[in-house]
Amino acid sequence: MSYALKKGTTSKILLVYALDATDMRTGKTGLSSQTPDASAAYIREGESQVRRITLVKGKLGEHQPGSFVEVDSKLLPGVFQFGVPDEMLAAGAETVTLVLKFPGAVIEPIFIHLVAYDPQDADRLGMSALGPEGRRAALRGAFPRLTAKELG
């Protein structure tokens, strides 16, 4: 699983999917921050130390660093909410790798690309200083064949 998030994003919640390790097809249910031998850790590109995240009880729809909450075991078996610690997404690294481990479950590593723009801003990508004409000019310069076709 991979995400692109703006550097310095705070109060971020990720949805993760846990497979049942016995059949590798169905969603694993019943996991929580209190599951024995559960762990969470991440490493930021360029750093030499893995950082452990203390898993804590949380509430669905609310951000709390390290929270791990089952979404709905009946309607969405295997889907969990994880509260990302703010320091994990701080400026200073280009990528972050997060690993969540639970006995009897398989959760793929989560790769986060930390970018300088806001991929959630559909209008300006977080480039508020660049007005509509400036954005069009930049895009025309980036796509010369499309521009030629548009003007032709």
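Is Arg51 buried, partly exposed or exposed, and what is its relative accessible area? In this predicted model, Arg51 is partly exposed, with a relative accessible area of 32%. This value lies between the 20% and 50% cut-offs, so the residue counts neither as buried nor as exposed.

The side chain of Arg51 meets that of Glu47 in a salt bridge. The N to O distance is 3.0 Å. Glu47 is also partly exposed, at 28% relative accessibility. Arg44 is buried, its relative accessible area being 4%. That figure is under 20%, which is why Arg44 is classed as buried.

A further salt bridge pairs Lys59 with Glu62. Its closest N and O atoms lie 3.9 Å apart. The pair still counts because the cut-off is 4 Å. Lys59 has a relative accessibility of 52% and counts as exposed. Glu62 is partly exposed, with a relative accessible area of 43%.

Shared partners join salt bridges into one network made up of Arg44, Glu47 and Arg51.

Note on methods: Residues are numbered from 1 along each chain as its sequence is written. This is a predicted model: local features need pLDDT of at least 70, side-chain atom pairs count only at pLDDT 80 or more; totals for chains, interfaces and linings use all residues. Side-chain values use heavy atoms; hydrogens and water are left out. Buried means under 20% relative accessible area, exposed over 50%, partly exposed in between (1.4 Å probe, protein chains only).
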